[in-house]
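Dear colleague,

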Amino acid sequence: MSKKVMIVDDSKTARREIVRLVHNLGLMAFEAENGRYGLELVRNRTDIGLIFCDINMPEMNGLEFLEALRKEANHKDTPVIMLTSEAAEDVLNKAKEFGIKGWILKPAQPNSVKSLLEKFCA
């Protein structure tokens with residue numbers, strides 16, 4: 001596994017749980033507390049293999065982040081998994097329009113995260 005993982009979530013606890021799982025698989029992780037900062041971190045990078053992104057965040061929410069991310073040349077097809085404590089169908093449908101690869105209800109289950117990391121970062 002060689003790709004890096006980005007976790008965009010305003011919950012420090014949620015980010016830390018996923019970072020722990022990422023590190024257990026020998027991968028490197030970047031953290032961002034909102035979509036605006038996440039976008040700054042991934043801009044001009046080509047080594048991001050997977051992004052976990054919360055939907056509800058301050059400054060720039062997950063849908064706004066996805067829309068902006070897809071305009072970045074290096075990230076038109078970067079796999080994104082949405083993290084959410086809600087499963088509102090209209091929100092998930094909008095995220096699907098931006099090409100998400102799936103979603104995980106919070107709290108993220110370790111086996112779900114691990115299988116996604118193995119799938120997209122191997």
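The notes below describe the overall chain and then a number of individual sites.

The model is predicted, so local features need pLDDT of at least 70 and side-chain atom pairs count only at pLDDT 80 or more, whereas totals for chains, interfaces and linings use all residues. Residues are numbered from 1 along each chain as its sequence is written, and side-chain values use heavy atoms, with hydrogens and water left out.

**Overall chain**

The protein chain contains five helices and five strands; helices (H or I, at least four residues) and strands (E, at least two) are DSSP runs, numbered from the N terminus. Along the sequence these elements follow the pattern β-α-β-α-β-α-β-α-β-α. The radius of gyration, taken over C-alpha atoms, is 13 Å. A compact globule of 122 residues would have a value near 14 Å, so the two agree; the globule rule is 2.2 Å times the number of residues to the power 0.38. The C-alpha atoms fill a box of roughly 35 × 30 × 25 Å along the principal axes.

Of the 122 residues, 49% count as buried. Buried means under 20% relative accessible area, exposed means over 50%, and partly exposed lies in between (1.4 Å probe, protein chains only). The accessible surface comes to about 6,300 Å², and 46% of this surface belongs to carbon and sulfur atoms; such areas come from the Shrake-Rupley method with a 1.4 Å probe, and for residues only the protein chains shown count as cover. Contact means heavy atoms within 4.5 Å. Among contacts with a separation of 6 or more, 64% are between residues 24 or more positions apart.

The chain carries 18 positive and 18 negative side chains, and the centres of the two sets lie 6 Å apart. Lys and Arg count as positive and Asp and Glu as negative, while His and the chain ends are not counted. The place of a charge is taken as NZ of Lys, CZ of Arg, CG of Asp or CD of Glu.

**Helix α3**

Helix α3 covers residues 62-69, and six of its eight residues are buried, so this helix is largely enclosed by the rest of the structure. The buried residues are Gly 62, Leu 63, Phe 65, Leu 66, Ala 68 and Leu 69. They pack against strands β1 (4-8), β3 (48-54) and β4 (80-84), and against helices α2 (35-42) and α4 (89-97). The N-terminal end of α3 is capped by Asn 61, which has a side-chain oxygen 2.9 Å from the backbone nitrogen of Leu 63.

**Buried charged residues**

Asp 54 lies in strand β3 and is buried, with a relative accessible area of 4%. Its side chain is joined to that of Lys 106 by a polar contact of 3.3 Å. A polar contact is a pair of N or O atoms within 3.5 Å; within protein, one must be able to donate a hydrogen and the other to accept it, and residues adjacent in sequence count only if both atoms are side-chain atoms. Not counting residues up to four places away in sequence, Asp 54 touches several residues, including Asp 9, Asp 10 and Gly 62.

Arg 15, in helix α1, is also buried, at 9% relative accessibility. Its side chain reaches the backbone oxygen of Asp 9 at 2.6 Å, and a polar contact of 3.0 Å joins the side chains of Arg 15 and Glu 31.

**Leu 21**

Helix α1 (residues 12-24) also holds Leu 21, which counts as buried at 12% relative accessibility. Leaving out residues up to four places away in sequence, Leu 21 touches Pro 110, Val 113 and Leu 117.

**Loops and backbone**

Lys 106 and Pro 107 are joined by a cis peptide bond, with omega about -5°. Pro 107 is placed in the loop between β5 (102-105) and α5 (110-121).

Two residues other than glycine have positive phi values: Asn 44, near 65°, and Glu 59, about 70°. Asn 44 is in the loop between α2 and β3 and is exposed, with a relative accessible area of 69%. Glu 59 is in the loop between β3 and α3 and is likewise exposed, at 59%.

Glu 86, in the loop between β4 and α4, counts as partly exposed at 29% relative accessibility. Apart from neighbours within four places in sequence, Glu 86 is in contact with Asn 56, Val 91 and Leu 105.

Yours sincerely
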